[in-house]
Amino acid sequence: MNNLDIDWQKTLNLFKNRLDEFGIDKITFDSFFTTLQIRDIVASDVTVTIDTQWSLDVVLPYIDRLEEIYNTLTSGHYHLSLVTEGDYNKSVLQKNSLLNFEDNLNPDLTFENFVVGNSNRIAQNASLAVAMKPGISYSPLFIHSNSGLGKTHLLNAIGNYAKHRDPATKVLFTTSENFVNEYIQSLSNHTIDEFNYKYRHIDILLIDDIQFMATKESSSEIFFNIFNSLISNKKQIVITSDKPPRDLRGMESRLVSRFSSGLTVSIDTPEFETSKAILRKKIEVENVDYPISEDVFDFIATHFNTDVRELEGSLKRLLFYKLICGKKLDCIDLNFALEAFSDTYTQPAQKKELTVSNIKKCVADYYNLTVTQINSKSRTSSIIVARHIAMYLVRDLIDDISFIQIGHEFGGRDHSTVMKACSKVQKKLEKDMNYRQAIDDIKKKLV
Ligand SMILES: Nc1ncnc2c1ncn2[C@@H]1O[C@H](COP(=O)(O)OP(=O)(O)OP(=O)(O)O)[C@@H](O)[C@H]1O
């Protein structure tokens, strides 16, 4: 027996000595008073429990007498409260549910490292407003966007900001899937009271991906009740989804209308400059200390910008490639980036500049000749064939070049010679499949 119990036992004995004075018979005392126990002392508040409500009704009129004797015995100034065992256990559970309360926030997702651009400015502003004054203006705040555009980041930023401002704020971040699982578990563990208590005593409830709750009828019901209770107590709710409330198919209409009753904002795909700013921010956060050239940022922001997750993934890949490639680099430049992404990104074929020289060179190469032979006065048939094809392609592929100019480019020939050559090629093309194939092959090499 500890000191507390000893004192309490002495109190009951002293009380028993004065039963006549208090007008209580011995049977009543033995039946009801002997089960009294001290369960808790917090500062000067003493909680005394009794087995049933019926016993409590009998003992309650004498609690002041017990308090007086207890205080005389201990020379204290305690206040005794009498509750049933059941109520006491319930309140302990409820207290524990808040004591074990985890906010589930990711401390790395803050407003400081959220890059703001046109695509997300409204959503960021609304989130910040809510974090500064939870429950005042925009409850619920509903944020929707495609995947990977920063909804979860903003939810966490709201929670982190609000907790930083006032550490006593009870914030809870959860996904709708976790909410449903927790609810089902509380039903099977018979802890639904705790579940309800916890969710109704939150200051800021952050629910991610609400779309998963659409088909969960029983959970929707409890969520609806919790939602109403929080809103009517001026608490803050922030919800995210991959679509606006009206498009949440399968979601009960009363919930959809509640979701729309606050402020609804969306996030779009980041524009080019925001994408680059996000990449820079990630580099800063990751403490990357080697230079990355500007065209690498341009390259990633242009080709891997479907969402921010893709931007991040590309950057990680680049940095990983740098780590494992073993090359000593002064700077990560575009060539290095192209190498790092060679299997996921195919460089568009460089458009060759089409000039008379290029065409002559290409035709000469195709027929194993030299450009000098093409330009020459040689009447060798293989050279004539190549020369005519070269003239034809120059006329075909280079805009606004005249026959006179072509003649000039091909060793100062007359324009009529060029015209004849081109028309010959054209006619042969229409009749000779192999000839046409050869010209097509040369064209492919050129463009
Ligand atoms: N504006 C931004 N600035 C910095 N980082 C961002 C920004 N937007 C998104 N991110 C980052 O992109 C990643 C994906 O963001 P997040 O998880 O918040 O997207 P989401 O919209 O919740 O996606 P999902 O719908 O798939 O859950 C995270 O690492 C997040 O930190």
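1. The protein chain contains 22 helices and 8 strands; helices (H or I, at least four residues) and strands (E, at least two) are DSSP runs, numbered from the N terminus. This is a predicted model, in which local features need pLDDT of at least 70 and side-chain atom pairs count only at pLDDT 80 or more, while totals for chains, interfaces and linings use all residues. Residues are numbered from 1 along each chain as its sequence is written.

2. Of the 447 residues in the protein chain, 30% are buried. A residue is termed buried if 20 or more other C-beta atoms lie within 10 Å of its own, exposed if 12 or fewer, and partly exposed in between, with C-beta atoms placed from the backbone. Among contacts between residues at least 6 apart in sequence, 71% join residues at least 24 apart; a contact requires C-beta atoms, placed from the backbone, within 7 Å.

3. The expected span is 1.5 Å times one less than the number of residues. W8, T11 and F15 are the buried residues of α1. Viewed down the axis of α1, they fall within an arc of 55° and so line one face of the helix; the arc is that of the directions from the helix axis to the C-beta atoms. On the other side of α1, the residues N3, I6, Q9, N13 and N17 are exposed. The cover over the buried residues of α1 includes β1 and α5 (63–74).

4. A43 sits in the loop between β1 (37–42) and β2 (45–50). Because A43 has 7 C-beta neighbours inside 10 Å, it counts as exposed. A43 and H79 are separated by 36 residues in sequence, and their C-alpha atoms are 9.6 Å apart in space.

5. Which residues come nearest to the ligand? Of the 20 residues around the ligand, these are S147, G150, T152, H153 and V308; a residue is near a molecule or strand if its C-beta atom, placed from the backbone, lies within 6 Å of it. The elements giving two or more residues to this shell are α8 (151–165), α13 (272–285) and α15 (308–325). Both domain 2 (121–266) and domain 3 (272–340) give residues to the shell, so the ligand lies between them; the domain bounds come from an automatic or database domain assignment.

6. By class, the shell around the ligand holds 6 nonpolar, 8 polar and 6 charged residues. Here Ala, Val, Leu, Ile, Met, Phe, Trp, Tyr, Cys and Pro count as nonpolar, Asp, Glu, Lys and Arg as charged, and the others, Gly among them, as polar.

7. Helix α21 (residues 415–431) has 17 residues and reaches 25 Å from its first C-alpha to its last, close to the expected 24 Å. V418, A421, C422 and V425 are its buried residues. Seen down the axis of α21, they fall within an arc of 95°, so they line one face of the helix. S416, S423, K427, E430 and K431, on the other side of α21, are exposed. The buried residues of α21 pack against α19 (381–397) and α20 (403–409).

Notes. Contact = placed C-beta atoms within 7 Å.
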